[in-house]
Structure formats: C-alpha cells, structure tokens
Amino acid sequence: MSRRAVRFFLILLRLLPRDFRQAHADGMEDAFRELLKSETRPRDLIQWAVFWVRVLQDILTQAAQTRQTKRQNRHARRYPQSLLSTMMTDIAHAVRGLARSPGFTIVAIVSLAIGIGVNTSVFSLVNAVQFRPLPFSAPHDLFHVSEAEQDCRGCRIGMSYATYNNLAAANSVFSSVGAYRETEVAITETVLPITIAATRLTPSVLDILGVLPVAGRPMVSQDDQIGVPAVALVSQNFWVSRFGNDININGRTVSINGIEHAIIGVMPRSFEFPESSDLWLPLTASANRFDRDERNLQVIGRRLPGNELAVIDQDVASIVEGIATTDPAMAGKTANVLGYRDFMQDGISTAFWLLLGAASGVLLIACANIPCRQRFHIGYTSQ
C-alpha cells in the first residue's frame, strides 16, 4: 500500500509548476514517506479518502500560490515603477526632447492639429448623416415611396397627388401615408419680401413622424381642405426672430405670398423636416394637384408591424400598376420603396465614406511624417 501511495503522490506532484517541482519534489517525497511510516498514517478506507483529499488540496493550493508569485515577480520586473511615475517620466523625457528641437516641435504640432481637426470635422458630418438615428419616432419603420418606370424599377421620379390618393386608400402595408413638397415662399409683410424655405405637406406627415408642436396645435385634416382659412406651422427660429419667443400664439399671423396665414403652432427647435424649412403649410395650395403628370411629391409611410421591405415594395407596385386599367396615363408606371434613412442618404453615402477615408489618410500621413522628420533632423544635426 505504501509503495502505491508514494507512486500516486508523485503523480499528484506533477500538478505543481516545473520549477517548484524540480526544487522541492525530492524533499516532499521524503516527507511523505516518513508520514507513511509514522503512527498517524491512515488506517482504514475512510481515513485514506480524507488523507488524499487533504494532500490534493495542499498541492493545488501550493501550485496556485506559486503561479501567483511568479506572475507578481514577472510584473514587477516588467513594470518596476508605478504607472503614474512611469507616465510622468515619459512626459518629462518628451518635453525635454521637444524643447531641444523647437522647429521640429512646431511642425509636429501643426501636422497633428491639421490631421485631428480635419478628422473631427469630417467625422462629425458623417456621424450626423450615417450613424445618428433620425429624430423621429421609430425611424426604422419609415419608408419612402416613389413612382417609377416599369423598365427602370430602380429609378425614382416622385409621385403625383392623384397617385398618392390611390396609394393611401388601397395599401395594406402602411398604418399611415403622407405627402410633402419642398418649396420657397415670400414673406410679404415687409417693404422688400423675404424668401424662406418652406414645405407643403399633408397633416398625416406629422403623425407619421411622431412630432408635435411645442406651442399651439398640430395641423389637422380640416386645414388641408379647399376654401378654409390658410394656416401655417413655423419653426422656433422663425418664431423667435419674428415674434420674440412669445409662447402666446393666439391671433398671430404671417403674410405668405400675399395671403394672410394664421400661425397655429411652433415646431421644436430640432425639427427641420425635410432639411431646413422654417414654415410648414397645407398641401392644398399646390397647383394642378390632381394632374398625374405633376410628379412633384415625396411620399412617406409608416409600416404596419410585420411587413418587410419586399412585401411593402410588392404591395405598392401592384397598386400603382393597377391604376393603368382605369387611367391610360399610368401605363408602364410602377412604384418602389426605400427605407427613409436610405432615401435621405441616396447618392451621398459612398461620398461620405470616401471623405472619411481621405480624412483618416491625412491623419495617418501626419503621424507617419513626424518620426520621419525626427530621424532626418537627428541625422542632420549629428553631422
């Protein structure tokens, strides 16, 4: 039994690190043999089980402590100083080196400043367009719908008001559909009219976007009817510049294209839909609104849950293609759908990525140029 116990003990010793085993294994074996010869050695099966559990526990504990000590010693050799003291030493060394070469220091600072400045500016632009979520409610559910030719399904040619009405009435994939058109209007309250950016839209657009005025009321379907008093929503910048940020909008009006419009609401400061409008007017005033050849509207829809892009695209295409059975002017026409973020980035996404890559290249060149200049400077001055 003793011989088998010693052999098993030697096997357990292999759990110890090699360096420790080579230094102490013989002594541990001798001590184990002496223990087996003593009066305290195990006598029965239970005592042997407890004995081997304790032996295994002691060996594993010793192995863990030895490995931890080795790691601490290795870390102490690699980092003999504290992180703070090492950092302060590096900074002092860098400052002394830069002070000895003021010309090189100026070139390095200017190069890095240009590279970092360009990258920061470009990334801020790309972040606003590519990465930052659209400032609307659940923007991933917003889609842009456009008419197209059947022989060019990827082309986008806008949509007429009549076709928009057909789509709004017949589709089964959108909870709501709205139309809008960017334009410019003249504020005719002054001696010299002022031209500003505006957007004509259906009241459903604001519901789709999930945006409400900070003062007043939103546009409603009655505001878009022919013959009702003209109304307008204004941006907060326009409100501040014209009316001094007075939250009381009751009775306030603005003359637009010579027609008095009642101001019904002030939109949030961050709301610039679709890009930089200061006024939002009902779509009613647009000319030839029922002419199918007037494809000057942009159409936006919020999808019903569970409808993927392919299903939405097929549904709107079938609606527009079906109009040709009653209106020959729509022969050869279809429609396509695009996520609203993709629509806003259409044609510029690649340009932004190229711009960001070029800016990053400028920074890399600046960083690579600094050590090259430093080696040249050292080699030149040492001659």
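Helices here are DSSP runs of H or I with at least four residues, strands are runs of E with at least two, and both are numbered from the N terminus. The model I am presenting is predicted: local features need pLDDT of at least 70, side-chain atom pairs count only at pLDDT 80 or more, and totals for chains, interfaces and linings use all residues. Residues are numbered from 1 along each chain as its sequence is written, and side-chain values use heavy atoms, with hydrogens and water left out.

I begin with the surface. A nonpolar patch is formed there by Ile106, Val110, Ile114, Val118 and Val362, which together have about 400 Å² of accessible area. Such patches consist of residues with over 30% relative accessible area and no salt bridge; like charges are joined within 9 Å, and nonpolar side chains (Val, Leu, Ile, Met, Phe, Trp, Tyr) within 5 Å. A salt bridge, in turn, is a side-chain nitrogen of Lys or Arg within 4 Å of a carboxyl oxygen of Asp or Glu. The areas come from the Shrake-Rupley method with a 1.4 Å probe, and for residues only the protein chains shown count as cover.

Which helix gives the largest share of this patch? Helix 5 does, with four residues. Val118 lies in helix 5 and, at 32% relative accessibility, counts as partly exposed. That class falls between buried, under 20% relative accessible area, and exposed, over 50%.

I turn next to the backbone. Most residues other than glycine have a negative phi, and most peptide bonds are trans. Ala138, although not a glycine, has a positive phi of about 45 degrees. Ala138 sits in the loop between helix 5 (102–131) and strand 1 (142–149), and is partly exposed at 27% relative accessible area. Asn257 also has a positive phi, near 55 degrees. Its place is the loop between strand 6 (253–256) and strand 7, where Asn257 is partly exposed, with a relative accessible area of 41%.

Where is the cis peptide bond that I wish to show? This bond joins Phe273 and Pro274, with omega about -5 degrees. Pro274 belongs to the loop between strand 7 (259–266) and strand 8 (279–282).

Finally, the cysteines. A disulfide is taken as a pair of cysteine sulfur atoms within 2.5 Å, and the count by this rule is one. The partners are Cys152 and Cys155, with their sulfur atoms 1.7 Å apart. The torsion about their S-S bond is about 40 degrees, so the disulfide is right-handed. Cys152 is partly exposed at 27% relative accessibility, and Cys155 is partly exposed at 30%.

Note on methods:
Buried means under 20% relative accessible area, exposed over 50%, partly exposed in between (1.4 Å probe, protein chains only).
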